[in-house]
Each structure stands twice: as C-alpha cells, then as structure tokens.
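Dear colleague,

Please keep the sequence and the 3D view open while you read.

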Amino acid sequence: MDSGFQGDDPIVAAAARFVDRAFDFERRARVVADPEGEGARLWSELGDAGMLGLRAPEDAGGVNATAAQTARVLEAFGSGLMIAPFVPGAVICMEILRGSTTPAAASLIERVALGEARPALAYLEPGRRHADARFGATLGADARISGRKTAAWGAAYADALVIAATDAQGATALALVDPAGPGVEVQGYATYDGGDAAEIVLDGAPAVEILAAGPGAEALLRRALDLGALALAAEAVGVMAQAVDITREYLVTRKQFGRPLSANQALAHRMVEIWCEVDLSRALVARAAHAFDADPEGEGHRMAAAAKAFAAEAGRLVGQECVQMHGAMGVTAEARISHHYKRLVAIDTVCGSVATNLARFAAAA
C-alpha cells in the first residue's frame, strides 16, 4: 500500500513510510489478536521511529509538531488503518502532560516519547454527558481518588492513567494514577473496531501527582480533548480516502454481465459523492488545525468541534456507501472494507458524537 504522502513534510513522510514498511493489514490482524504482545511491540516501534514524541517538546526528546503536522500524520495513519492507541496516548495525554509543570509529567513525557510508557485519559463517567462541568470522581485533601470511569479509550493496557476528578474545593483536577496501584480496578475489553478501552473503579487510589487543578486544569483538559477530536477527524480522512480507493479498485475489476461495475452510471455518481465528502473533510481539518495552532482556546476550539462533527458524519456516509457497493461481501470480516467502516463508526463515538460537537461549535460561535 502506498499512502501517497512521500515527498511531503519530513515528519508526515516519516509517518507514511512507517505505515508502508511496518504496518500492513496482516500485521493489523496480529495486533488485534495479540494486543499485549504484538501491540506492545508496535508501540515500541512507534517510539523508536520518533512518532510517539510528535507533540512532545524538543527538550524532552520530542518533535514539538504543530497541530497541522499532527493532523497530516494521523491522516497517514488512518490510510493504513493503524490500530495503536496513538491518539489517546501520544496526542491527548501528551497534551495534558506538556501543559503540566510537575516533575512526574516531565518524566512521563520522555518515557512516552521513547515508547517506554503508555498513558490513557479517564474522564467519562457512567450516566454523565460529555459536556458535564463537574466529575463524580472526587480527589480528597489526602490526594486519594474515589469514583468510577467508563469507556476509557486505550486504558486496558495502559501503565499510567490521567484521571479527571473534582477536588475538595469543587474544582476540576487532573491526577496521575498508577493502574497497578492500590485502590484501582481496571476492567479492560476489546472494542468492536479492534482497539481497547476499560472500565475503571477507584477506591481511595493514591495520586502519584496532581498534574493540574482549578481553571487551569479545565482549560488543559478541554485543549487536549479538542486536539484529540481534531486528530480523530484527520484519521477519519485517511480511513475514508483509503476506503474510496479500495472501492474504486473493486468496481473497476469486478465484472457483472460481462461489464465492470464501474460502467454503471449510478455507481459512478455515488463514487463522486463520497470522493467529495473526503475532500471537504480534508479541507475542514486543515483549516481547523491551522486555527488550533493560532488560537487553541478560541477559534481552534470552535473549529476542532466543526471538523470532528463533519468528518464523523461524512465517515459514516462514506463507510456505508463503500460497504454497499461491495455487496454482501462488504460486511464480512474477510473484506478489508468492513474494517474501515467499523473504524469510521468508532471514530464518531470518541471525543464527542456529531451532536455533541455541533453543540460545542454552536456554543462557541
């Protein structure tokens, strides 16, 4: 598979080369089947290739890439259907860690960049909406956390957890917790797109470090989730683009009644429609990324929500159309297109649904 990013920005080209040389569809299947073994090796390789330090500061061994560069890297990863928990660990958590001034955060940044640590954020809670201002999990004056977290993306095999909680003053706090420490129960599970998540129960779990608290913690969490939403939108563009390429090749080679399916005008029109959806999504992601680099708290926040909402909705449409044009075989596990569709559906549910992000966009207008 040729991702088409060669000769681009050196960082983006390096990501594309990694996908082309080290991550094919067969390896993806091995990672899904063996997340602790093959998945851990992939994470280490991403560290060796410098990919995990994409957003890490240069003085911590990172690249300090812009949001625009990060988006292009995620598009390249999306084109290869990358299964590693890159966004939750190397984008969302890295953004929180680099915004903290604590020694523990500085140490963890370096370890993540080298592929020696894998963090995950736990902020969602049972029965609470994405936009809730306060968390049910509490951080006591003794720096111990109690509460429950749900659907913690990438947390099943994480060795460091960033927990969002409400402190004794009623403000938001972000705390670093050891998932193997006392008072922490992690129930991991596989997600339908091949990734992982976890339910987490905290019962007086000691915080290794308070990364941030108060208004600063709220702003830091929002910025990290905005960048995560933007990265997911960019990944969706890559997944969609590759799905369109796979479908186009199928229509050209598959014959019916002696003619290729591509000769069917109705199918040709559907291909044009989904191609437009991909191109519009890419353009909006690019605009959002540049806005985030210039003003992450203002226009960047608003445009990240817009890009995620548009790309997620487009992803569902593109995925459905591509599967339908493959016919019945499009829903089988053996058909690669079915895995693209599952990933696009999963992207819609992380960092806020279409409706959630449209509400964020409207509120910030």
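In which loop does Leu81 lie? Please bear in mind, before the answer, that this is a predicted model. Leu81 is found in the loop between α4 and α5, the latter spanning 86-98. Although Leu81 is not a glycine, its phi is positive, at about 55°, and with a relative accessible area of 1% this residue is buried.

A positive phi also turns up at Cys351, a residue other than glycine, where the value is near 55°. Cys351 belongs to the loop between α10 (336-349) and α11 (354-364), and its relative accessibility of 5% places Cys351 among the buried residues, since buried means under 20% relative accessible area.

The other finding concerns two helices, α1 (residues 10-22) and α4 (residues 67-79), whose axes come within 9 Å and cross at roughly 15°. Because angles under 35 degrees count as roughly parallel, α1 and α4 are described as roughly parallel to each other, and the crossing in which α1 passes α4 is right-handed. On the side of α1, the contact is made by Ile11, Val12, Ala15, Ala16 and Val19, while α4 contributes Gln69, Arg72, Val73, Ala76 and Phe77.

Definitions and conventions. Residues are numbered from 1 along each chain as its sequence is written. This is a predicted model: local features need pLDDT of at least 70, side-chain atom pairs count only at pLDDT 80 or more; totals for chains, interfaces and linings use all residues. Side-chain values use heavy atoms; hydrogens and water are left out. Axes are lines fitted to C-alpha atoms, for helices over the stretch in contact, and angles run from 0 to 180 degrees between N-to-C directions. Helices (H or I, at least four residues) and strands (E, at least two) are DSSP runs, numbered from the N terminus. Angles under 35 degrees count as roughly parallel, over 145 as roughly antiparallel, 65 to 115 as roughly perpendicular and the rest as oblique. A crossing is left-handed if the near helix is turned anticlockwise from the far one by less than a right angle, and right-handed if clockwise. Contact means heavy atoms within 4.5 Å. Buried means under 20% relative accessible area, exposed over 50%, partly exposed in between (1.4 Å probe, protein chains only).
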